[in-house]
Amino acid sequence: MTLDPRATVYVETYGCQMNVSDSELILGKLAAEGYRPVDVPEEADVILLNTCAIRDHAEQRVIGRLGELKRSMRAGSVMGVAGCMAQRLGPELLTKARHVSLVVGPDGYRALPELLARARGGERAVQTSFDLEEHYEDFAPRRFDKVKAWIPVQRGCDYRCTYCIVPFTRGAERSRAMADVVREARQVVEEGIGEITLLGQTVNSYNDGTHDFAELLRAVGAVPGVRRLRFTSPHPNDFSDAVIEAMGDVGAVCEHVHLPMQSGSTAMLKRMLRRYSREEYLECVARLRARIPGIGLTTDVIVGFPGETDDEFEETLSAVREIGFDDAFTFKFSPRDGTPATRMPPEWTIPDEVAAERLGRLIDVVRSGARSRNLGLLGQRREVLVEKPARRGDLLQARSRDYKTVLIPGDASMVGSYLTVELTGTTGSTFTGTVVQERRSLPVAV
Ligand code: SAH
Ligand code: SF4
Ligand code: F3S
């Protein structure tokens with residue numbers, strides 16, 4: 001079937017960085033097939049939502065948005081759902097939202113042109129099988145960002161944290177060949193991008209059969225022009241000494257780690273099947289801090305997981321205080337169908353008002369810890385990368401290597417440049433800064 005060469009596609013992305021990266025691959029693939037990406041759904045022949053299933057709230061947002069977007073559809077356009085929610089619900093989505101005619105899971109994007117042709121021909125197409133070989137190696141991603149790039153190095157997850165839907169939506173863990181990752185890093189540099197973030201659900205368990213994550217960091221860090229190297233999300237258990245050594249040795253690796261903790265209670269971590277204790281987590285933090293002094297640390301924490309006692313929650317608060325995170329994403333536990341947590345005794349269920357109260361207290365502790373850390377940084381200097389115009393005012397949003405957001409004065413022509421700034425003010429979470437005029441070295445007389 002030949003496609004209309006003027007067909008347009010609009011993609012909206014929910015969920016984690018992995019989905020952002022997948023949307024870049026989807027758009028790259030469809031552009032190569034003759035589709036023209038557009039920025040508004042009203043102009044699209046194909047509307048795609050790349051979705052997340054991590055919490056019920058994430059799915060409700062998508063359901064709501066599907067309803068809204070129905071009004072943007074024009075005669076002959078099709079609506080498709082991709083990503084984790086598509087994988088989790090499969091054909092059920094077709095009955096939940098009758099105007100949806102395409103459902104495709106994270107391993108199915110190679111078939112998108114054909115699935116779309118079917119959907120545009122009036123069929124309803126569903127593709128949710130896993131493909132453990134799939135890395136979309138021959139796709140040319142259409143990158144949204146001009147100053148930093150996501151590079152997926154691993155798909156799927158082999159952990160089985162008892163609350164988590166990801167192993168069901170993304171399948172088993174597999175790593176890309178190191179040579180392919182390095183090749184993509186070179187391309188990114190050629191496109192003029194100096195900051196790379198390596199992506200995987202437990203990115204530091206990367207192993208392509210020959211090379212581990214420490215070797216990958218060294219190889220990507222050695223690509224000329226890679227100025228900043230980040231990765232997300234690592235699992236505490238996979239921080240081998242070799243990985244931490246590589247982080248310390250490789251100049252491009254930034255001084256920041258997002259290290260999901262989930263809970264500060266060993267008993268709770270056991271019920272979550274996180275496979276580390278409170279002490280092991282603290283020890284991981286200590287090893288990182290010993291090798292990379294001043295490293296920024298952020299985390300994820302869940303409250304209200306089944307059976308969470310007051311004492312266990314207090315242990316989470318004390319761990320957050322003791323570690324002094326720079327920031328934390330905090331979540332109320334959301335039961336996901338089919339995960340082991342849903343089979344725990346019903347009397348373990350934490351009432352919503354208790355979970356909400358705990359979440360509020362946790363957020364207060366996170367904020368006050370971050371605030372006092374950030375106040376202590378005022379007057380220091382940082383190299384920042386100017387990322388984009390800030391949301392408000394005529395300021396620019398810039399990012400330090402240790403992952404602090406710094407707002408600086410300037411105009412859009414500065415986006416993409418690396419500058420040295422002095423941290424002059426903080427809201428408690430973000431900074432304002434002034435650009436430090438670097439003193440030029442005088443020519444040396446000979
Ligand atoms: N692979 C990453 C996490 C991916 S999901 C890791 O292991 O660190 C991002 C975060 O969502 C998790 O760290 C967890 O804090 C949160 N999360 C996952 N499932 C959840 C659930 N059922 N309810 C609430 N929060 C959840
Ligand atoms: Fe989910 Fe755990 Fe895998 Fe992270 S490591 S994606 S939390 S199962
Ligand atoms: Fe959501 Fe899937 Fe990412 S469930 S968090 S989009 S892996």
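Strands β13 (296–303) and β14 (327–332) each put at least two residues into the shell around ligand 1; strands (E, at least two residues) and helices (H or I, at least four) are DSSP runs numbered from the N terminus. This is a predicted model, with local features needing pLDDT of at least 70 and side-chain atom pairs counted only at pLDDT 80 or more, while totals for chains, interfaces and linings use all residues. Residues are numbered from 1 along each chain as its sequence is written, chains are lettered from A and ligands numbered from 1 in the order written, and side-chain values use heavy atoms, leaving out hydrogens and water.

Around ligand 1 sit 14 residues, with Q201, P260, Q262, D300 and S334 coming nearest (near means a heavy atom within 4 Å). By class, this shell has six nonpolar, three polar and five charged residues; Ala, Val, Leu, Ile, Met, Phe, Trp, Tyr, Cys and Pro count as nonpolar, Asp, Glu, Lys and Arg as charged, and the others, Gly among them, as polar. A backbone N or O atom of Q201 lies 2.7 Å from a ligand 1 nitrogen, and a polar backbone atom of S334 is 2.8 Å from a nitrogen atom of ligand 1.

Elsewhere, the axes of helix α11 (residues 278–291) and helix α12 (residues 310–323) come within 12 Å and cross at roughly 10° (axes are lines fitted to C-alpha atoms over the stretch in contact, with angles from 0 to 180 degrees between N-to-C directions). So α11 runs roughly parallel to α12, the label for angles under 35 degrees.

Methods: A polar contact is a pair of N or O atoms within 3.5 Å; within protein, one must be able to donate a hydrogen and the other to accept it, and residues adjacent in sequence count only if both atoms are side-chain atoms. Angles under 35 degrees count as roughly parallel, over 145 as roughly antiparallel, 65 to 115 as roughly perpendicular and the rest as oblique.
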